[in-house]
Amino acid sequence: MAIASVRDSDGVAPILAKSLAGERLSRDDGLRLLASGDLLALGAAAHTLKQRHSADRVFFNVNCHLNLTNICAARCGLCAFSRDARDADAYCMDQQEAVERVRAAGESVTEIHMVSGLHPDKPFTYYLDMVRCLRREFPRLHIKAFTAAEIQYFADISGGSIEDVLGRLKEAGLGSLPGGGAEVLSDRVRERICPRKATAGQWLAVMRAAHALGLKSNATLLFGHIETPEEIIDHLLSLRSLQDETGGFQAFIPLPFHPENTALAGTCSRPGAVDILRMISLSRLMLDSIEHVKAYWVMTGLPAAQLALVFGADDIDGTVREEKITHAAGAATATGLDRRALIALIRRSGSRPVERDSLYRMLRCC
Ligand code: V47
């Protein structure tokens, strides 16, 4: 995109030009982009950056989600999935059930994406043995599991250090960490929407330790509830600065908050397509050192996910199969998609679908 062609209805052209020239954007730049009404200018610049990183490739993977338990000691206000142990629909899987779920996902799966409640009674060894078992049963599959908030909880309940917990999980077969549990890296926000789980500093410390052990991870942002523009930009800056230190984040995933059935229902409404696309573009523009921006179709919806592919995103996540967390909060998307549907969705955006593994190695151009 020619820089001169950037429309400048609200003064963002110089900021976008700076970004396209390879200069790092400041906190103030981020705030101005976030406040901008010129979504198309943001999107065009973000798409240009995406094309530089990934050309016309858009990545997806064939994965299956596994949520071992919905019983959770944290009971966050943002979450509609968690339950108390006494609730009628509370559940907790044993190894056999987990293995059956993964087996049912079929031969083409390359990744298990596993996140769960912070079970008040299960010891760390429950999770550790589960990873060992899944590794033994499915030696070919990459296990991407446990948010940084879960890792912090395992350290709390086991009395071990973060490094010890991560080291033991890695030895058992853990391949990488998903990006969840980050919500907004602001203790003001966390105090209100998730007061009983990892603090912002703890989330970042877990990721720093994981990266030091050679475990790659992702990072998320949960937006559209009580956060301020400043808190969003500071979240991005915290991630960018940790990435400068470790290089361990593979992808950034902005997650639109679904309030239904949560304690925040009635206080906010679900972000719409414009909010989602602005956040995708802003992420690409601000996070110059994180290679991939993912549009998680389950939360964005399929139309916005497809549009995100021309607004800076180069990944659309995976087949998922049995999504529970967002659907507990009223998501209207499917709980999973087959590989062909993902490929068609990507193709129709004008991009080239590439099936990747969990470490972004290309498996197949489709
Ligand atoms: O940590 C919980 C969020 C996350 C709600 O790393 C909610 O590849 C919206 O992190 N509305 C889990 N969001 C999902 C997640 C994820 C998904 C896909 C790929 C990857 C990856 C990570 O979902 C939680 C929390 O931030 N969440 N409740 C809700 N009501």
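Guide: On a 1 Å grid over the protein atoms alone, a pocket is an open set of points with protein on both sides within 12 Å along at least five of seven lines. This is a predicted model: local features need pLDDT of at least 70, side-chain atom pairs need 80 or more, and totals for chains, interfaces and linings use all residues. Residues are numbered from 1 along each chain as its sequence is written, and side-chain values use heavy atoms, without hydrogens or water.

Visitor: What volume does the largest pocket have?

Guide: Volume here is the space filled by probe spheres set on grid points, which are joined across faces, edges and corners. The lining (residues with an atom within 4 Å of a point) includes Val102, Arg103, Phe138 and Arg140. The largest pocket comes to about 190 Å³.

Visitor: Which space does the ligand take?

Guide: A molecule sits in a cavity or pocket if more than half of its atoms lie within 2 Å of the grid points. Around the ligand are 23 residues (a heavy atom within 4 Å), with Lys144, Gly179, Gly181, Glu183 and Lys294 the closest. The space taken by the ligand is the largest cavity.

Visitor: How far is an N or O atom in the side chain of glutamate 183 from an oxygen atom of the ligand?

Guide: Polar contacts are pairs of N or O atoms within 3.5 Å. Lysine 144 places a polar side-chain atom 2.7 Å from a ligand oxygen. For lysine 294, the side-chain N or O atom is 2.8 Å from a ligand oxygen. For glutamate 183, the distance is 2.5 Å.

Visitor: What share of the ligand's accessible area does the protein cover?

Guide: Accessible area comes from the Shrake-Rupley method with a 1.4 Å probe. On its own, the ligand has 610 Å² of it. The protein covers 96%.

How values were computed: On a 1 Å grid over the protein atoms alone, a cavity is a set of points where a 1.4 Å probe fits but cannot get out, and a pocket is an open set with protein on both sides within 12 Å along at least five of seven lines; lining residues have an atom within 4 Å of a point. A polar contact is a pair of N or O atoms within 3.5 Å; within protein, one must be able to donate a hydrogen and the other to accept it, and residues adjacent in sequence count only if both atoms are side-chain atoms.
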